[in-house]
Amino acid sequence: MEGVSNSEIILQVLLAVGVIVMVAKFFGLFARKIGIPEVAGMIVAGLLLRFIPWFHNFGGVETNLLYDGANKFISELAEIGVILIMFSAGLSTNLKSLIKSGGKATAIACAGVFVPLIFGTIMSLFFFGFDGFGTQNFYKAMFIGTILTATSVSISVAVLKEFGKIKTDVGQTIVSAAIIDDVIGIIVLTIVLGVSSGDGGWKEYLMIIVKTILFFVCAIAIGFAIYKLFQWYDTKHPRSHRIPIYALGIALIFAYCAERFFGIADITGAYIAGIVLCSLQDASYMESKIDINSYMLFSPIFFASIGLKTDLSGMTLNLLWFAIAFVIIGCISKIIGCGGISKALGYTWKESYQIGLGMMVRGEVALIVATKGLSIGLIESKYFTAVILLIIVSSMLVPVLLKRAFMGKKPKDDNPENISQPAN
């Protein structure tokens, strides 16, 4: 902001961060108490702060987060929050469960990515208009479809644990497929972002794919060496405070290298860093320490910033119809894709329906994908309304529908092995 001193910008930042953290956490806890996802409450907090006039000029200091000098700092904190969330998701990955479910889970995950991607793209083209492949409208519609590919692993696991179904064949398939779904979804996101930012030539498409493959080859090779080094250090110094610090450093470096040298989204690098370290003896310990930072500061700022960036001033009847269509397509495409392939793989109709429902819920990954599109100008902030609505609707519907779908007696003690839950 021109003409504003550094000391005044620091005051803006201090006040803005303090208010955002308190208000976001309050609304998050309130949302959880009334049965709505905590992230939805924090997003609502951001929406309220955006439209409350006194927040923009409080205590004699202008704090409009959308336009003043504090905006850049808040955006950077939110970006770190995204990286921590994805790193934590990688650390919580259960590779044994992933490998056990094997081919079936991979097939279900692929259907859970590409069916919503196709359905979402076609639906969006009806609203944006189809003016040819490789155009801005086409990439915009394709990105909307990419948002629909995400599945919330944490919410699915929480529901399955509550109903005592986490150790069943269907439960393990849902969890494994949800994990693989997010990996494939992030790869699709990386390719879509890379293609949409270029001139659309086939050589550039091929180069993006080659760079993506090269990234994963390098990540596996370097990751194996890092894993062995951490394994040795973990044996010498178990549960040392230094281990999560070094792990966080690795995550940030992976995030940097992914985007700087390969043109891959930084969240992909952070997620892969988590997967590299997820099999360590102290992986859950590292995750708990990372979650403390995320819980106290970065996550509230990230989710509240979604609300702060959401523009409702441009809401029109057409945008309202788009939001409704987005939610409907988002829900049924997962059931059709995941449930349909499950039936083809030999599951019963009831089990296929259960798997489709378990994959239907959306959460923080969908928000992260949408944020990436906003940051490069691929979508407008007004479309966050549709994403938020999908998260709230799917998160409220899935527990109810899954309970009816299982209709079984809940075991007294399920005691799932090593499946981490995000801190509340």
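I started with the cut-offs: a residue is buried under 20% relative accessible area, exposed over 50%, and partly exposed in between. I also noted that this is a predicted model.

**Salt bridges.** I looked for salt bridges and found three. I took Glu380 to begin with. Its relative accessible area is 38%, so Glu380 is partly exposed. Glu380 bridges to Lys140, with the closest N and O atoms 3.4 Å apart. Glu380 sits in the loop between helices H14 and H15 while Lys140 is in helix H5, so this pair ties together parts that are 240 residues apart in sequence. Lys140 has 13% relative accessibility, so I wrote it down as buried.

Glu380 also forms a salt bridge with Lys382, at 3.6 Å between the closest N and O atoms. Lys382 counts as partly exposed because its relative accessibility is 22%. Shared partners join Lys140, Glu380 and Lys382 into one network.

Then I turned to Asp181 and Lys334, whose side chains meet in a salt bridge at 2.7 Å, N to O. Asp181 belongs to helix H7 and Lys334 to helix H12, 153 residues apart. I found both Asp181 and Lys334 buried.

**Surface patch.** Next I checked a nonpolar patch on the surface; among its residues are Met315, Leu320 and Trp321. Together the patch residues have about 740 Å² of accessible area. I placed Leu320 in helix H12, and at 42% relative accessibility Leu320 is partly exposed.

**Around H9.** Arg239 lies in the loop between H8 and H9 and is exposed at 52%. Finally, I saw the axes of H9 and H10 come within 7 Å and cross at roughly 140 degrees, which makes H9 oblique to H10. Their crossing is right-handed.

Methods: Residues numbered from 1 in each chain as written. Predicted model: local features only at pLDDT ≥ 70, side-chain atom pairs only at ≥ 80, totals over all residues. Heavy atoms only, no water. Patch = residues over 30% accessible without salt bridge, like charges linked within 9 Å, V, L, I, M, F, W, Y side chains within 5 Å. Areas by Shrake-Rupley, 256 points an atom, 1.4 Å probe, with all protein chains shown as cover. Salt bridge = Lys/Arg side-chain N within 4 Å of Asp/Glu carboxyl O. Helix = DSSP H or I, 4+ residues; strand = E, 2+ residues; numbered from the N terminus. Buried < 20%, exposed > 50% of the residue type's maximum accessible area, 1.4 Å probe, protein only. Axes fitted to C-alpha atoms, helices over the stretch in contact; angles between N-to-C directions. Parallel < 35°, antiparallel > 145°, perpendicular 65-115°, else oblique. Left-handed = near helix turned anticlockwise from the far one by under 90°.
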